[in-house]
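Please keep the sequence and the structure in view while reading.

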Amino acid sequence: MREVETLIVGGGPAGSSCAWELRRRGRKCLILERQALPKFKLCAGWITPAVLRALDIDRRSYPYGMLELRRIRVRLGRSRWSWTFPAEQYSIRRIEFDNWLLERAGAEVVAHAAREIVRDGLDYVVDGRFRCRYLVGAGGTSCPVKRAFFGGERGRLILTQEAEWEAAAPGSVCTLFYPFAGPAGYGWFVPKAGAVNVGFGGEASQFGGNIKAHWPAFCGLLLERGLLSSPPPAPRSHPYYVGSRGGEVRRLNAFIVGDAAGLATADLGEGIGAAVESGLAAARAIAGSGVYARGDIPRRSLGGLPGRLMERFVGA
């Protein structure tokens with residue numbers, strides 16, 4: 001049986017950030033990742049300056065495309081009313097960013113889909129093959145660590161329909177539609193370096209079990225507003241949960257981070273920043289230099305009035 005001090009289940013931004021911080025502090029860890037790498041991840045790919053600071057990333061040295069979003073345009077639903085404000089945000093492609101973070105973390109990665117996780121005294125055993133003192137669940141919405149030790153209510157289910165395809169970057173303005181497809185729905189148009197991501201989403205209950213029915217209207221809106229010159233590719237779904245702010249993220253020496261803990265932000269439903277912050281916080285707690293609590297993870301991606309206004313459409 002393989003033994004290690006910390007076992008991280010999941011090699012996305014939350015797991016990579018945790019591993020990176022542990023290794024900086026001289027602690028050993030192992031990452032279990034069930035999917036072949038690099039892996040395509042459908043995501044708006046919005047990251048904040050706080051993410052770059054937290055991971056000590058100089059964006060000039062990032063080897064792939066990272067587009068600075070200098071302005072955000074917010075449209076009032078499907079109307080022509082809008083307002084634009086300056087911003088300092090960035091967009092990336094997850095197939096590039098996630099793999100780069102994992103390589104940068106420098107931890108060993110083992111291809112394995114964790115299934116059975118049990119406590120054995122003070123340790124945790126995964127599938128009879130791996131033993132650890134500290135266990136970090138970074139496996140996303142369906143994380144097996146979450147299922148094994150943090151059962152119960154997962155939070156509010158958020159559904160999305162979105163598409164991403166390679167294209168020349170159409171400027172550096174991100175457009176958001178609030179609301180769209182219901183009182184708590186939202187839509188987005190996010191340009192990237194060499195790609196575009198578009199989509200809409202919101203709480204599952206508002207779509208009446210048929211979120212796909214809104215896709216043609218959304219495509220028509222993008223074409224009408226001149227954001228696209230031709231219809232986007234067929235969409236895919238991306239479900240995730242936004243947890244309550246009081247939910248547990250640590251039980252004994254087991255932790256859940258990122259989407260496993262339902263930590264997407266309340267204003268944009270953005271999960272990368274929360275994944276990074278929670279992964280770092282869990283690592284600091286394991287190293288004995290901090291306390292990991294849900295309330296310590298930033299609630300909003302945007303500061304000030306924009307963040308507070310947008311929270312009412314996505315709000316956790």
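Does K192 count as buried or exposed? At 0% relative accessibility, K192 counts as buried, where buried means under 20% relative accessible area, exposed means over 50%, and partly exposed lies in between (1.4 Å probe, protein chains only). The model is a predicted one, in which local features need pLDDT of at least 70 and side-chain atom pairs count only at pLDDT 80 or more, while totals for chains, interfaces and linings use all residues. Residues are numbered from 1 along each chain as its sequence is written, and side-chain values use heavy atoms, with hydrogens and water left out.

**Overall architecture**

- The protein has seven helices and 17 strands; helices (H or I, at least four residues) and strands (E, at least two) are DSSP runs numbered from the N terminus.
- The radius of gyration is 19 Å, close to the 20 Å that the globule rule gives for 316 residues, so the protein is as compact as a globular protein of that length. This radius is taken over C-alpha atoms, and the globule rule is 2.2 Å times the number of residues to the power 0.38.
- Along its principal axes, the C-alpha trace spans about 60 × 45 × 35 Å.
- Of the 316 residues in the protein, 55% are buried.
- Among contacts with a separation of 6 or more, 71% are between residues 24 or more positions apart; contact means heavy atoms within 4.5 Å.

**Surface and charge**

- The protein exposes about 13400 Å², and carbon and sulfur atoms supply 49% of this area. Accessible areas come from the Shrake-Rupley method with a 1.4 Å probe, and for residues only the protein chains shown count as cover.
- There are 43 positive and 29 negative side chains in the protein, and the centres of the two sets lie 4 Å apart. Lys and Arg count as positive and Asp and Glu as negative, whereas His and the chain ends are not counted. Each charge is placed at NZ of Lys, CZ of Arg, CG of Asp or CD of Glu.

**The surroundings of K192**

- K192 belongs to strand 12, which covers residues 186-192.
- The side chains of K192 and E164 are joined by a polar contact of 2.7 Å. A polar contact is a pair of N or O atoms within 3.5 Å; within protein, one must be able to donate a hydrogen and the other to accept it, and residues adjacent in sequence count only if both atoms are side-chain atoms.
- A polar atom of the K192 side chain lies 2.9 Å from the backbone oxygen of I92, and a polar atom of that side chain also lies 2.9 Å from the backbone oxygen of C43.
- Leaving aside neighbours within four places in sequence, the residues in contact with K192 include A44, G45, L67, A169 and N197.
- K192 and W165 are 27 residues apart along the chain, and their C-alpha atoms are separated by 9.9 Å.

**Other buried positions**

- I286 lies in helix 6 (residues 272-286) and counts as buried at 3% relative accessibility. Not counting residues up to four places away in sequence, I286 touches T6, L22, R27, Y134, V136 and F255. The C-alpha atoms of I286 and R133 are separated by 9.8 Å, although these residues are 153 apart along the chain.
- N99 is part of helix 3 (residues 94-105) and is buried, with a relative accessible area of 16%. Beyond residues up to four places away in sequence, N99 touches L37, P38 and R94.
- Y241 sits in strand 15 (residues 240-242) and counts as buried at 15% relative accessibility.

**Backbone features in loops**

- The peptide bond from L37 to P38 is cis, with omega near -5°; P38 is in the loop between strand 2 (29-33) and strand 3 (46-47).
- The peptide bond from Y178 to P179 is also cis, with omega near -10°; P179 is in the loop between strand 11 (173-178) and strand 12.
- D127, a residue other than glycine, has a positive phi near 55°. D127 lies in the loop between strand 8 (123-126) and strand 9 (130-137) and is partly exposed at 24% relative accessibility.
- L252, a residue other than glycine, has a positive phi near 55°. L252 is in the loop between strand 16 (250-251) and strand 17 (254-256) and is exposed, with a relative accessible area of 58%.
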